[in-house]
Amino acid sequence: MKKSIIKRAISSDGGIRVIFCDSTEIVRRSCEIHHTSKTMTAVLGRALTATSLMSSLLKDKDNTLTLQLRGDGPCGSVVCVGDYKGNVRGYADDMTVELPPNEYGKLDVGGAVGGGQMYIIKDLGMNEPYVGISPIVTGEIAEDITEYFATSEQTPTVCALGVRVDTDNMCFAAGGYLIQLMPGFDEGDVDRLETNVNMAGSISKLIADGMDGDAIIAMLFEGIEYEMFDEFDIEYLCTCSRDKYLRALVGLSEDDMNELRGSDEPVETNCRFCGQKYVFELSELDEARAAAKEDKE
């Protein structure tokens with residue numbers, strides 16, 4: 001089976017880096033899990049791709065990056081989480097939103113997201129996570145990521161994202177890239193990069209047409225010496241577990257527990273990222289709470 005992949009390259013002088021992602025299989029998996037509408041396949045697909053690209057820049061295996069789009073559009077909030085390898089998971093409040101095409105005849109991602117703020121939360125193993133906040137500029141997500149890097153990280157960045165959806169609401173091509181200017185970049189390369197980006201056009205079309213990451217990176221670096229840095233497979237990966245949900249339920253207040261006991265029904269939890277259900281008998285929760293209390297004492 002074809003896998004999603006990240007490829008990274010850097011100019012020979014170290015002044016430009018490109019991170020490319022073919023996220024087709026990740027987005028297809030999110031379609032299967034969340035039963036997304038066409039518009040929401042594009043919304044969540046772009047957000048997952050952006051999160052994968054950004055999280056792959058994390059340094060440590062325990063680091064995570066969360067992208068939150070808190071817009072006022074009909075899809076509500078969009079939340080995606082990625083690890084340092086670029087594996088991701090995500091959801092939106094309403095996966096069924098469907099809108100007419102926008103003025104360009106494209107899926108109306110911006111209309112679904114609306115205006116508001118984007119949060120980038122990096123858990124780097126410190127006491128407090130890093131939180132970067134920037135405005136949602138268009139809701140199309142790529143422009144919003146570019147704005148975030150400019151305002152929160154002061155890193156000149158070009159972000160491209162794209163998702164193609166068939167008549168069955170299933171993704172058949174998805175991907176994106178980040179181009180970043182690093183300290184000491186050659187000013188003469190900037191105009192060349194801009195020309196190359198314009199010539200490349202739609203990233204999802206390039207992927208749909210069968211172009212691989214090496215060829216796309218070569219197109220972006222046309223006229224600039226560069227070297228491939230590394231590549232690795234990525235996937236839609238949820239980290240939920242029964243034990244995690246049990247620990248969360250152990251932390252409920254006594255009032256909440258009394259309410260659950262009043263219903264005298266097993267407690268059913270549902271992971272928003274992957275749809276997995278975990279069911280707990282009240283007796284199991286009481287035993288776990290008693291054990292946790294003993295441990296504290």
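Student: Over how many bridges do β6 and β7 pair in the antiparallel sense?

Tutor: This is a predicted model: local features need pLDDT of at least 70, side-chain atom pairs count only at pLDDT 80 or more, and totals for chains, interfaces and linings use all residues. Residues are numbered from 1 along each chain as its sequence is written, and side-chain values use heavy atoms, without hydrogens or water. Strands (E, at least two residues) and helices (H or I, at least four) are DSSP runs numbered from the N terminus, and two strands pair if DSSP finds at least two bridges between them. For β6 and β7, the count is six bridges.

Student: Which residue of β7 stands opposite I120?

Tutor: Strands of a sheet pair through backbone hydrogen bonds, either parallel or antiparallel. β6 and β7 pair in the antiparallel sense. Opposite I120 stands G132.

Student: Which residue in the hairpin of β6 and β7 takes a positive phi?

Tutor: Six residues lie between the two strands. The positive phi is near 80°. The residue is G125.

Student: Which are the edge strands of the open sheet?

Tutor: Five strands line up as β5-β4-β3-β6-β7, with antiparallel pairing. An edge strand pairs on one side only. That describes β5 (88-92) and β7 (130-135).

Student: Which residue of β6 stands opposite T64?

Tutor: β3 (residues 64-71) and β6 (residues 116-123) are antiparallel partners over eight bridges. G71 stands opposite G116. T64 stands opposite D123.

Student: At about what angle does α4 run to β7?

Tutor: Helix α4 (residues 142-152) lies across β3, β6 and β7. Axes are lines fitted to C-alpha atoms, for helices over the stretch in contact (heavy atoms within 4.5 Å). Angles run from 0 to 180 degrees between N-to-C directions. Here the angle is about 120°.

Student: And what angle does the direction of α2 make with that of β4?

Tutor: α2 packs on the sheet, touching β3, β4 (77-83), β5 and β6. Its direction makes an angle with that of β4 of about 35°.
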